[in-house]
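Reader: I am new to reading protein models. Please take me through a few features, one by one.

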Amino acid sequence: MSTDRGAEFADLAYNIIVAEKRFSAKKVAMEMGLGYDALHARLVNRTPFSAEEIRRLIRAAPDPRFVGWLLRGTPFIGAERGATLTPTDDLNLEAIHMSATRIVLEAADVLESVEKALADRRIDHRDALEIRNEIEVAERALASLGQHLRAVAPLLAHDEA
């Protein structure tokens, strides 16, 4: 009996790994502890991904669209975890600066998508999808900056005392 359970997630994984070739399917399968055939069965939705397999997939193929898909329709946004921070590491301050700059660039991409969509004075379903995708990227960038700041702020405050 055919089932559509997990079909949308399998389609996303197939697009990222096979169609876009962002990650080697053989390497992802190995890092997930699966054989290539077992991963392929999941990518074509012959076998649904288990929750633990999805976690291992995100570890092996860290594309933010996986997390975005899982959190869609919830009040949550996925953020990249910052590296372990120390108050003496100037690279951490540079990372915060780069994260803030990234937000501006991602917001500009949202604006560009909106302006492109409105060129014909309407937003169709493809335009709306592109705009939503750009917004998700910008939201992740903003959440990641917040994560970096939360991690480094206590260290800097302690350093000033």
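Author: Start with burial. Buried means under 20% relative accessible area, exposed over 50%, and partly exposed in between (1.4 Å probe, protein chains only). This is a predicted model, where local features need pLDDT of at least 70, side-chain atom pairs count only at pLDDT 80 or more, and totals for chains, interfaces and linings use all residues. Residues are numbered from 1 along each chain as its sequence is written, and side-chain values use heavy atoms, without hydrogens and water.

Reader: Is Leu43 buried or exposed?

Author: Leu43 is buried, because its relative accessibility is 3%. Leu43 sits in helix α3 (residues 36-43). Helices are DSSP runs of H or I, at least four residues, numbered from the N terminus.

Reader: Which residues does Leu43 touch?

Author: Contact means heavy atoms within 4.5 Å. Leaving out residues up to four places away in sequence, Leu43 touches Ala10, Ala13, Tyr14, Ile17, Val18 and Phe49.

Reader: What is a salt bridge?

Author: Side chains of opposite charge can pair when their charged atoms come close. The cut-off: a side-chain nitrogen of Lys or Arg within 4 Å of a carboxyl oxygen of Asp or Glu. The whole structure has 11 salt bridges. In one of them, Glu130 meets Lys116 at 3.3 Å, N to O. Glu130 lies in helix α7 (residues 125-160) and Lys116 in helix α6 (residues 90-117), so the pair ties together parts 14 residues apart in sequence.

Reader: How exposed are Glu130 and Lys116?

Author: Glu130 is partly exposed, at 29% relative accessibility. Lys116 is exposed, with a relative accessible area of 53%.

Terms used
Helix = DSSP H or I, 4+ residues; strand = E, 2+ residues; numbered from the N terminus.
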